[in-house]
Each structure stands twice: as structure tokens, then as C-alpha cells.
Amino acid sequence: MTVLLIAEINGANLQADATAKALAAAATLGAVDILVAGEGVGAAASAAASFAGVARVLVADHAVLGRQLAEPMAELIATLAARYTHVIGPATAGLKSILPRVAGRLDVMILSDVTAILDADTFERPIYAGNAIQTVRSADSIKVATIRTAAFAPAPRGGGAPIEPIEVTVSTSAASHWVEDRLSLADRPELSSAGIVVSGGRGVGSKENFALIEQLADKLGAAVGASRAAVDAGYAPNDRQVGQTGKVVAPALYVAVGISGAIQHLAGMKDSRLIVAINKDEDAPIFQIADYGLVGDLFQAVPELVERL
Amino acid sequence: MKILVPVKRVVDYNVKIRVRPDGSGVELANVKMSMNPFDEIALEEAIRLKEKGAASEVVALSIGAAPAQETLRTALAMGADRAILVETAPGEDVEPLAVAKLIAAVAREEAAGLVLCGKQAIDNDMNATGQMLAAILDWPQATFASEIRIEAGAAQVTREVDGGLQVIGVALPAVISVDLRLNEPRYASLPNIMKAKKKPLAIRPAGEFGLDIAPRLTVVKTVEPPARKGGVKAGSVAELVSKLKDEAGVL
């Protein structure tokens, strides 16, 4: 078994955490080559080579790959894929866009959001937003998969894999081009990869009151989330929505404030390692899955919590 | 420009699904079904583009068994001009790769200028059909769209990426998959629901396309995730903080 692991590159930087977690999953299958593709990615390649358990780091350094657009990336990866049994990457927004396109080019199915690798052909993945876990066996000659990073511990550092530049012969088509990045400048961590998430629900009561949730999040160094009810009521923007139709998160700590716990919300956060709920209704369904609950008025409890932390 | 919008009939997002105890799958009998929410957003966008004059026709397409006609009628009631059902056998599992091949065949036949689809279906959560379709058609793709502007044979698409937004331009024809923030889908009005009954809905057997749509994945089993049990309640904020620090060690 030989695995091609696609490193997650943002700009020219290696996203070490996501890549290391996908590497840990890939290493259970056999020898792993890491592909570092982008423009000016020398440092990223060195960083990738320092993970333990890497056979080689292949570096595709070319302007056409500079923004990791799906078309040239998929073309490159599909060309390399024939030499491997598995093509794997972390389930980041970037690779969730690229790897299904690779699978389409190769005429194989994609295995999305894999949470466990049972053997070379057999994988577990969540369906229905994690309300069921499916075990699937692939009959394809090349398995293309994205790895849900929350399900794996990162591979350790301590390797010194050789770095081999590869020739990039990808067509420079004008079919797609990058215009600009508008990355959130907030100091808060990104919702889907944050270690701690603080979310507010309908109980927060207004857009202005949502500042309370943000204060608590900032105190904890957490990302800010919201329930669909809070988003629908206009208290929080839609990109903060945690739930079946929003983002699925699995942080080490999830704090649900004023969230009753509708099915659609639980689906997006119930894989969190530790769940804390603050709600004035002691019968709220959120308490059925919370490790620690506090029944009380959030307008008193949250400021007090901020003070005591 | 003709816009093709694939829509999938899925278990309604408000339904708490039940996993069959024998591991054979998720119970679908007597469960409320609806249009996949992301597909609804794609359809709404297509209708708005037509209303703005950027598109000439909106064609809704579903790949599925006969009951998917209901979903297509909903699409027609929202404002699609006509609908196509590529009919598969009841209970047949049609994977994203196969769905993408069938959509590609229809997109070519229809000479569609744009395929607007949901970023994922909320049943199998694959998030793959749009990207695979773009690969098969060899069209550019823009996934996870939260804003779409069409001008001069191209689309400028704002995408939801990790850490914020990315704006890219794609030449048409293209595949655009949509995310939640793009719009809020309209409700079909009663007169439009009545009108939809008279709009054309063509039914084509999937076999007619002569494509390999056999599944590549075998589902070994489907189980419930490990149950989470409720924990303890803290009597005060102080107690909560001490539990988090001392018992759970997360702070």
C-alpha cells in the first residue's frame, strides 16, 4: 500500500495541524508520500518533511498552483494518483473542494469525512450529520478520501523525509482565476477547527446581547457559534451556524448558552469532547447530552463566568 | 442562458432519524421527506438570476425513484420553468459519482450554461456531486458559494472557505455549489403550487443514458453513534468553574 497525502496549504503555508492529523490516518495504510503543492512552498515542504513516518515529500512549486484552485490542483493530483493505492487529504474546505474533483477525473467514488480506517478498503464515515455511522467498503482501484481531522490525533514530529521537487505540467487554463481572499481578521479561532467553541441560542435574546457570548469566547480563546434559531432571529450571522445545515464541529470544549438543543443543532456539535450547557429551562434537551449543566439566567451566569475564569 | 438545478429528495431536516437496529440502514418508511435544504438555496438563486434577466430558463432535475416527482413539483412551484426526473429503481443506491454522470449527460443534452447545486445533501453528507460533475464535464467549479454575480460569460463567486471568504472568477459554463448564506429560499405560494401542476415534468429512465451507475461502495453496516449520556448539573457558576478546572481539566 502506498498513500499520497495531500498537504493542506494556505497561501504558501503548511496547515500543520490538519495535515498531521490526516497523516496519522494515512500512516495506518502504508508508506506515505506527502504532496506539497503551491507557489513558494519550500518552507511548507520542510515543515511537512519533519513529521514522523513520511517516506517522501513531493514538492510541486508553480505559479499555476499558487492559490490551490481546484482545476489545476485536481489535474496535478489525478496525474500522480496512478502510482498510489490511496489519495488522502484532511477534510478542509480546500481539499473538500479538490479531492471529489480528483475522484471524478479518476472515475472512482470519494470517501468523504472518514472518521476511522478499518482496513485498506473499509472506512467509517458519519451520515445524517453524525446521527448514524456507516461502514463502507470500496471496490475502486484507487481510494480517494478526505479525513475528518477531529477524529485523529496528529502524527508526531521527528522525521526527516527526503524532499523531491516534481515537474508541474498542468495546463494554465483561463477557466478559473483567483480574485481575492477576505479572511476574517477577528483574533478568534476559526469555527470548524477551534479547540473551544462558545455558542449562543435564541435565549440570548438580541443581536446586542450576543456580545456576552463573544466576551465569554474571548476569555476562553474560543470561536463563536450560534444555533439556527439565533441565526434565523438575526442575532448572529449565518456563517456562525452550528448544526445539520451549518457547520459540524467537534472541539475539546463546547459551551452552549441559551440553546435548548434542537435535533438540528445537536447534530452539529454532539461529537465535542466536553459539552457545557447554560440554560434557564432545566428540561431543555441540551442537558441530556451535556457533561456539565448549569440551570440559570444566562445574563447573570455568563458575566459571572467571565469574571471567574 | 439555461440554468440546471439538481434537487434531491431527502429526509426532512427536522426529523430525528432512526437507525434500524439490525444495522441495515436508516429507516425511511413513513418519514417526512423534503427537498435538500442546500438544493433549495441553489434553486432560489437560479430563480433570482432569471428574475434579474441573467438567465433565460431554470430547469430542475432530480435523480431518484418515482416519489422524487413531488420534490420536482415543489421546485416548479418555487419558480422552475420545467423539470426532469431521471428515474432510478426504488431503493437503488445512486452514489454521487453516478448522479454526477447522469447530471452531466442531461447538462450536455440541455446545453446548460450553468449548473447550480447544493454543496451537499443532508442524508449522505458526501459534499461531492458538484465537484465530480465539474470534473466529468471538464468545467470550472466554484464550491460553497455565498454570493454569485454573473456578467459577460463569467461568474464571480464568493466562497466560504476555512477562515473567511475567497472570491474567484469562473468562465461559463461552470458548476457552482451553494452554501447556506447565499440566500433565503422563498415559500411557494398557493397560486404557484396550483400553476406548478401544469408545468412540464419529463420522466426519463436512468437506463436510457447507457452509463455505468453501479455503486462502487458496499455499505457493510449502519449503526448509531455511541450514545452520549447527560452529566451532572452544577449548582452555581463557581461550582461549574471548579468542575471544569479540577474534574474535567479543560481550563
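**View 1. Q68(A) and the residues around it.** In this predicted model, Q68(A) touches I9(A), G11(A), A37(A), G38(A), M73(A) and I98(A), leaving aside residues up to four places away in sequence; contact here means heavy atoms within 4.5 Å. Q68(A) sits in the loop between β5 (56-61) and α3 (70-81) of chain A, where helices (H or I, at least four residues) and strands (E, at least two) are DSSP runs numbered from the N terminus. Is Q68(A) buried or exposed? Q68(A) counts as buried because its relative accessibility is 15%, and buried means under 20% relative accessible area, exposed over 50%, partly exposed in between (1.4 Å probe, protein chains only). A polar atom of the Q68(A) side chain also lies 3.5 Å from the backbone oxygen of G11(A).

**View 2. Domain 1 against domain 2 in chain A.** The domain assignment, automatic or from a database, gives domain 1 (2-165) and domain 2 (191-308) of chain A. Six residues from domain 1 of chain A and six residues from domain 2 of chain A make the contact. The C-alpha centres of the two domains are 32 Å apart. Between them they bury about 500 Å², with 50% of it on carbon and sulfur atoms; buried area is the accessible area (1.4 Å probe) that two parts lose on being put together, summed over both. On the domain 1 side, A129(A), N131(A) and R148(A) supply 66% of the area buried against domain 2, more than any other three residues.

**View 3. Chain A meets chain B.** Here 82 residues of chain A are in contact with 80 residues of chain B, and about 6,700 Å² gets buried between the chains, 58% of it from carbon and sulfur atoms. In chain A, M109(A), Y128(A) and Y292(A) lose the most area to chain B, together 12% of what that side buries.

**View 4. A salt bridge between the chains.** R216(B) and D107(A) pair up through their side chains in a salt bridge (3.2 Å, N to O); the term takes a side-chain nitrogen of Lys or Arg within 4 Å of a carboxyl oxygen of Asp or Glu. How many salt bridges are there between chain A and chain B? The count is four.

**Notes.** Residues are numbered from 1 along each chain as its sequence is written, and chains are lettered from A, and ligands numbered from 1, in the order in which they are written. Local features need pLDDT of at least 70, side-chain atom pairs count only at pLDDT 80 or more, and totals for chains, interfaces and linings use all residues, while side-chain values use heavy atoms, with hydrogens and water left out.

Key. A polar contact is a pair of N or O atoms within 3.5 Å; within protein, one must be able to donate a hydrogen and the other to accept it, and residues adjacent in sequence count only if both atoms are side-chain atoms.
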